[in-house]
Each structure stands twice: as structure tokens, then as C-alpha cells.
Amino acid sequence: MIKPFFVGLAGGSGSGKTTLAKSLHSHLGSDQTSIFCLDWYYHDICKQPKLDDGSINFDHPSALDQYLLINHLQQLKKGRNINAPIYNFATHHRSKLTRKIANRPTIFIEGLHTLVLSEVRRILDLKIFIDLSDDIRFIRRLLRDQSERKRSLHGVITQYLTATRPMHMEWILPSRRFADVVLSAENSVSEMKRIVLSQIQATSKAGN
Ligand SMILES: Nc1ncnc2c1ncn2[C@@H]1O[C@H](COP(=O)(O)OP(=O)(O)OP(=O)(O)O)[C@@H](O)[C@H]1O
Ligand SMILES: [Mg+2]
């Protein structure tokens, strides 16, 4: 049974974590790598903790089903496959269906809170934080949420100002200090990929 090498990809919303993980996955191939997204582990909207005004803060770590998330990471670390939840970003509901995530020699674990959650940090072999200025992150997030998640301009701006930005300041940015490597997303995706691949090589060699 293989014991996978866990690479954590953290960074603010819109910094390009999902894009980089997908690019690394397609470069190395699905027989060598799997992707694990913290985003899959959002609680169903019925179970989300509500703020005083009845709204939900999706950028707070408590928005995630941390128990299931950690449990699944531990299963993967033991070399097992998992049945990961499927979360619908348009409706905020978790599907009754699951998706099988196959264990592979390298697993990219990506999400906003990758370096925020101490139990996730502890299980990672390499911790990467993607740095990008707030204005570019907001623009990328806005364009993505409008086109892929069917959000309105007003909705994206309101969420950014009331939740995403304050949570970035309180949780995400301070988690950068836990990173082994801080990547600038001013670099192209292929340059970031090259750096991550050389770090994986260096870190896994040092661990052998
Ligand atoms: N290097 C890049 N250059 C230009 N656009 C990029 C780059 N990386 C990502 N993008 C685009 O920016 C948007 C946000 O990227 P992505 O969804 O990967 O960010 P994320 O860090 O996963 O954000 P979130 O935490 O909200 O999931 C996407 O539309 C993506 O195509
Ligand atoms: Mg993402």
C-alpha cells in the first residue's frame, strides 16, 4: 500500500490554488496524483452556523465539515481510497452522491484553510502558500463566480466585503507563516508548477 506525499496549496480566494492543482495533476497524470479540495467539505447550507443577521460566513473555518475532512485525509494518508462529498456551489447543498478519490503517490490538498487548520498542517509533507495582491484576487474571483457559479456582481461584492476580506485578514493571511514555500502568483502557472515540482523532488528526497 502506498503512503502518499501530501502537498498543501493554500492562499487567498482567487489566488489560483485550484488552477495550479489542476495544472500539476494534468502534468503528472492521474495515475501519479490526485486532488483533494477542502471546498468539497462545506457543510450543507441547512447545517451552516448562522451569524446574528441570519447570514452565513462561508470563509470562516467553521463553514467546513472539519471532522469528515480530517478523517478523509487520514484515510488517504494510510493509503486508502475515499468517497469524497460533492458540494454544489450554486445551491450550497451537499449531494447524496459521492466521488471516489483514488490514493496516489502524490496528493494535492488545496483550499483556503489548508494552512489554517492545524490538523491539516500536521499531515502535510510540503506546505505552499500562493501570494497575490488583493485587487487581482478580487477581480479573478469576481469573473470566476459570475461565469462558473452564477453569482451576481452585487452578491460577489457583498460577500467579499462582509466575509471574504475580513476572514482573509483574520485567518488566511496569518496562515502564510506556516508555509515552507511562498509562491508569487505574479508568475505564470507554468513557472509556479516548475517551482512546486522541484520542491516536491527536494523534499521527498530529503525525507527518504
Ligand atoms: N496565473 C493565473 N493567471 C490568470 N488567471 C488565473 C491564474 N490562476 C488562476 N486564474 C484564474 O483566476 C480565477 C481564480 O482562480 P482559482 O479558482 O484557481 O482560485 P482559488 O485560489 O482556487 O480561489 P478560491 O479560494 O476562491 O477557490 C479562475 O478563473 C482562474 O482561471
Ligand atoms: Mg479554488
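Welcome! The residues lining the largest pocket divide into 14 nonpolar, 10 polar and 13 charged (nonpolar means Ala, Val, Leu, Ile, Met, Phe, Trp, Tyr, Cys and Pro; charged means Asp, Glu, Lys and Arg; the others, Gly among them, are polar). This is a predicted model, where local features need pLDDT of at least 70, side-chain atom pairs count only at pLDDT 80 or more, and totals for chains, interfaces and linings use all residues. Residues are numbered from 1 along each chain as its sequence is written, chains are lettered from A and ligands numbered from 1 in the order in which they are written, and side-chain values use heavy atoms, with hydrogens and water left out.

**The largest pocket**

- The volume of the largest pocket is about 900 Å³.
- Among the 37 residues that line this pocket, Thr18, Asp39, Arg144, Glu148 and Arg149 are the closest to its centre.
- Two or more lining residues come from each of helix 1, strand 2 (33–37), strand 4 (93–101), helix 4 and helix 6 (189–207). Helices (H or I, at least four residues) and strands (E, at least two) are DSSP runs, numbered from the N terminus.
- On a 1 Å grid over the protein atoms alone, a pocket is an open set of points with protein on both sides within 12 Å along at least five of seven lines, while a cavity is a set where a 1.4 Å probe fits but cannot get out; lining residues have an atom within 4 Å of a point.
- Grid points are joined across faces, edges and corners, and a volume is the space filled by probe spheres set on the points.

**Ligand 1 and its shell**

- Ligand 1 takes up the space of the largest pocket (more than half of its atoms lie within 2 Å of the grid points).
- Around ligand 1 there are 13 residues, the closest being Ser13, Lys17, Thr18, Thr19 and Arg144 (a residue counts if one of its heavy atoms lies within 4 Å).
- By class, this shell holds 2 nonpolar, 7 polar and 4 charged residues.
- Helix 1 (17–28) and helix 4 (134–148) each supply at least two shell residues, and helix 1 gives the most, with 3 residues.
- A backbone N or O atom of Gly14 is 2.9 Å from a ligand 1 oxygen, and a polar side-chain atom of Thr18 is 2.8 Å from a ligand 1 oxygen.

**Other spaces**

- The second largest pocket holds about 250 Å³ of space. Of its 15 lining residues, Ser55, Ile56, Phe58, Gln159 and Thr162 are the closest to the centre.
- A search of the whole structure finds 1 cavity of 30 Å³ or more, and the largest cavity has about 40 Å³ of space.
- Ser13, Asp59, Leu112, Arg137, Thr164, Met167, His168 and Ile172 line the largest cavity, with the largest share, 4 residues, coming from helix 5 (residues 153–172).

Notes. A polar contact is a pair of N or O atoms within 3.5 Å; within protein, one must be able to donate a hydrogen and the other to accept it, and residues adjacent in sequence count only if both atoms are side-chain atoms.
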